[in-house]
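Work through the exercises below with the sequence and the structure at hand. Each task is followed by a solution in steps.

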Amino acid sequence: MVTSYEYDVLVMGAGLAGLRAALAAHQTGATVAIITKVHPVRSHSNAAQGGINAALTDRGDKWEEHAFETVKGSDYLGDQDAVEILAQEAGQDILALEHMGVIFNRNEDGRLGTRRFGGQKRARTFFVSDFTGQALLHVLYEQAMKARLPVFEEWFVLSLVKDEHGQCGGVVAFEIRTGRVALFKAKAVIIAAGGLGRVFEPSTNALICTGDGIAIAYRGGAPLMDMEMVQYHPTTLRGKGLLLSEAARGEGAYLLNAEGERFMEQYAPNMMELASRDVVSRAEQIEINEGRGINGCVLLDCRHLGKALIRERLSQIFEEAKSFANIDLTEEPIPVCPGMHYMMGGVKTDVEGRCWDLAGGWRGVPGLFAAGEAACLSLHGGNRLGANSLLDTVVFGRRAGRCAGEYAKTRSQPRIGDGVVKDGENSIKGLFARLDTDDTVARIRHEMGRTMTESLGVFRDQEGMAHAQQTIAGLRERWNRVAIHDKGQVFNTSLVRALELDFMLDCAETIALGALTRTESRGAHFRTDCLHRDDEHWLKHILIYHRPGGSPQLDSLPVRITRWEPQVRVY
Amino acid sequence: MLTTFRIRRFNPESESPQPYFEDYQLVTERSDTVLDALIRIRETVDESLTVRCSCRGAICGSCGMRINGHATLACKTKVASLISSGDAIQVEPMNNMPVIKDLVTDMTGFWEKVRQVQPWLQPAGPEPEGEYLASPDAMNHLTGVMGCIMCGACVSDCAALEVNADFVGPAALAKAYRFVADPRDGSSSSRLTALNTPGGMWDCTRCMECIEVCPKEVGAMDRIMTLRAKGIEQGVPSTCGSRHTEAFADIIERKGRLDEPMLAVRTFGLTNFRQMFSFLPMVIRAVVRGKLPKSGPLFRAIPGVDRIRRLFRRAKE
């Protein structure tokens with residue numbers, strides 16, 4: 001007996017983008033369900049600490065300034081039509097969140113307070129202490145409870161399904177708690193399953209960030225874009241890679257080298273510690289490489305901010321420094337280093353979240369949508385500004401949800417045969433049937449993570465990246481043979497981790513391919529063998545298509561420029 | 001450092017599914033958390049060891065479990081802080097909820113209780129054009145409660161829940177408080193009325209475990225006490241709980257010590273015949289053994305009760 005469910009819109013992922021999309025689709029009158037491999041409040045949106053940007057015009061800010069700084073931050077790779085929408089609609093979304101119940105920090109006059117964030121001259125980052133992501137996520141989940149949206153919790157999606165016309169028709173997934181496989185039919189599927197941080201080791205990302213949504217869309221025929229653009233956050237803890245929010249520098253913390261100098265003076269004399277993240281991370285890595293670091297780190301110094309401010313506005317990182325590094329931020333500077341943090345690239349979408357082009361300029365999958373870190377508009381281009389990711393999830397999550405809801409009204413349910421469930425069951429059975437070897441999923445994953453960090457980190461070159469590409473291909477071969485030792489049906493996390501690794505290897509392959517293809521340095525993609533930005537040849541996006549059984553296919557799209565011609569980027 | 005982890009395992013698919021303890025020895029480092037150790041065990045020793053975990057930074061709330069008898073987050077607990085005694089570190093799933101497999105519990109009931117308090121903002125009037133104006137102090141106060149990550153640690157170790165499964169529990173009550181204390185919310189009196197029923201805010205026995213084990217310092221029990229005070233303040237219809245509180249304070253103010261029979265009578269009401277009748281066997285046994293406490297007019301105030309009354313006056317001022 002094959003189980004199947006049927007909805008107008010199915011949202012994969014229940015972080016901020018997924019919840020926002022689901023609520024917006026629900027408001028169009030569509031039937032909506034969310035499918036997620038963890039409970040919604042366990043999603044990685046939690047980890048966003050610092051805040052959410054918006055230029056509120058009634059307090060003298062201009063959305064054009066926010067948009068320009070986003071474009072400059074992207075090293076002119078961001079598509080400016082998308083950036084304009086982001087900046088223009090930010091204010092209404094901040095207010096909508098506040099009305100839903102987010103407890104934003106206030107000024108003395110009772111209005112919303114702001115702090116400064118990197119790459120921006122004005123304080124336009126709204127925040128809830130330093131756990132803004134968590135505060136937003138819990139409120140959106142409250143709204144989902146209020147709307148009684150069905151949530152399929154702890155279900156793992158195996159693949160996208162399409163009808164005979166190539167129209168997206170839902171997903172096949174299995175329930176982690178029971179192991180049963182089911183078909184979820186939908187007229188529109190929204191991929192909002194987050195980033196792929198764990199492809200790198202270490203990473204600030206949660207262990208669940210394994211690029212499932214990105215790989216599923218890719219295998220389903222949607223192109224990935226800007227995959228070479230990986231953000232390294234300037235302030236992470238060495239070892240495990242836990243994040244210390246940019247809010248610390250936003251509130252005025254210094255970065256010091258081993259000689260006690262505020263080294264950012266050399267690299268970004270105007271913006272100093274608040275230059276954009278790619279610039280600060282590179283500066284730190286140069287200091288470390290040239291011997292002015294301390295055990296592979298530089299120092300983040302918060303002492304002069306005072307105990308009261310640290311406890312009130314940086315409470316989460318104060319606790320984090322204490323429990324994870326045994327350091328009291330009010331007494332001592334803390335060692336930090338650049339660490340993998342965010343994926344600018346992802347599943348290519350238009351400004352309504354569609355993963356296909358109405359004008360036919362690029363191929364995609366009709367009926368498939370994406371939002372949040374899994375998606376690539378491209379909004380963040382070569383480098384995302386801090387506090388723009390939360391904004392991205394709510395603005396483009398909302399737009400994707402609404403568009404998907406309206407789209408579903410115009411469609412009938414695609415015809416999908418029950419055979420896809422059997423295929424899903426067989427793929428799991430096939431994994432269980434593999435013969436035991438010495439190899440393990442964990443070992444392959446660690447090797448992938450180390451390889452990516454070594455060869456596709458802050459500084460890259462042809463030789464290193466080509467080597468990484470070969471290594472990844474070898475790891476793929478090993479994955480094809482590795483056995484799963486736990487063969488149980490109930491809550492089999494060994495199986496989940498093996499499937500996640502499968503997705504991650506696809507992500508790793510496309511990151512390396514994108515980076516090898518882009519023979520220039522732009523944003524976070526810095527090649528020591530091609531030191532300069534090359535607008536003549538590379539003011540364009542790299543698209544990668546999956547080809548079953550063959551090597552990926554490359555394509556490109558020009559950057560969409562509306563009003564800001566590329567300039568030399570100085571902070 | 002060689003450390004022994006004594007982990008409670010449970011595999012529902014085994015022939016006779018029974019929980020059992022299994023020991024694992026591992027070399028740990030100073031910086032290791034219990035979660036690091038559990039992940040290393042599953043990666044290098046036993047792939048089937050099952051645990052929920054994600055953020056590693058005490059923000060997602062996935063890895064709630066009991067370590068050496070108390071609920072906590074495995075990712076926030078340093079191994080080095082536990083092994084001074086040299087004994088094995090005991091790791092068990094959370095209490096007060098069914099176990100699915102090993103350290104993974106079923107939190108369906110937890111979330112049902114959270115839903116029970118209608119955990120979403122119910123604004124007083126129409127939405128303002130801009131943001132709601134609210135004092136920074138009120139908002140800062142709320143962020144303390146909003147810090148709750150719904151990990152379930154407080155519910156796991158709640159002594160009241162252990163004997164009273166209907167109790168809505170500390171996490172849901174802290175969540176309810178978050179809305180009652182929100183100046184933007186317009187439903188505080190209906191929320192308090194709903195909590196003023198059996199299983200609601202008066203069922204907490206004030207054991208303080210929820211405060212003790214909370215990894216985010218939400219202070220659930222303190223929030224429950226504030227809910228009770230607000231309930232009395234707003235005059236929600238009296239219940240055993242609120243009458244107990246009021247009678248307790250009143251008796252102490254007048255007598256300086258507790259008149260227990262009177263407390264029972266005033267809590268349940270003299271006309272609550274069924275309850276009064278149920279006390280009868282206890283009263284008879286007390287009479288037989290000559291231990292019936294004096295009550296009412298026979299129960300004298302302590303010498304110097306004036307000083308106690310003065311304290312009350314000062315507190316009321």
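Two strands pair if DSSP finds at least two bridges between them. Helices (H or I, at least four residues) and strands (E, at least two) are DSSP runs, numbered from the N terminus. The model is predicted: local features need pLDDT of at least 70 and side-chain atom pairs pLDDT 80 or more, while totals for chains, interfaces and linings use all residues. Residues are numbered from 1 along each chain as its sequence is written, with chains lettered from A and ligands numbered from 1 in the order in which they are written.

**Exercise 1. Describe the five-stranded sheet of chain B.**

Step 1. Strand E1 (residues 2-9) of chain B runs antiparallel to E2(B), and eight bridges join the two. Within this pair, Ile7(B) has Glu22(B) as its bridge partner.

Step 2. The strand order is E2-E1-E5-E3-E4 (chain B); the sheet is open and its pairing mixed. Strand E2 (20-27) and strand E4 (70-73) of chain B each have a single partner strand, so one side of each is left without a neighbour in the sheet.

Step 3. On average, neighbouring strands are turned by 35° against each other, direction ignored. Axes are lines fitted to C-alpha atoms, for helices over the stretch in contact, and angles run from 0 to 180 degrees between N-to-C directions.

Step 4. Helix H1 (residues 34-44) of chain B packs on the sheet, where it touches E1, E2, strand E3 (64-67) and strand E5 (89-92) of chain B. The direction of H1(B) makes about 100° with that of E2(B). Contact means that C-beta atoms, placed from the backbone, lie within 7 Å.

**Exercise 2. How many residues of H13(B) are buried?**

Step 1. A residue is buried if 20 or more other C-beta atoms lie within 10 Å of its own, exposed if 12 or fewer, and partly exposed in between, with C-beta atoms placed from the backbone.

Step 2. Helix H13 (residues 305-316) of chain B has 12 residues. The count of buried residues among them is zero.

**Exercise 3. Which helix gives the most to the side of chain A that touches chain B?**

Step 1. The contact involves 46 residues of chain A and 41 residues of chain B.

Step 2. Helix H3 (80-100), helix H4 (132-146), helix H10 (315-325) and helix H15 (493-517) of chain A each supply at least two residues to this side of chain A.

Step 3. H4(A) gives the most, with six residues.

Definitions and conventions:
Contact = placed C-beta atoms within 7 Å. Expected span 1.5 Å × (residues − 1).
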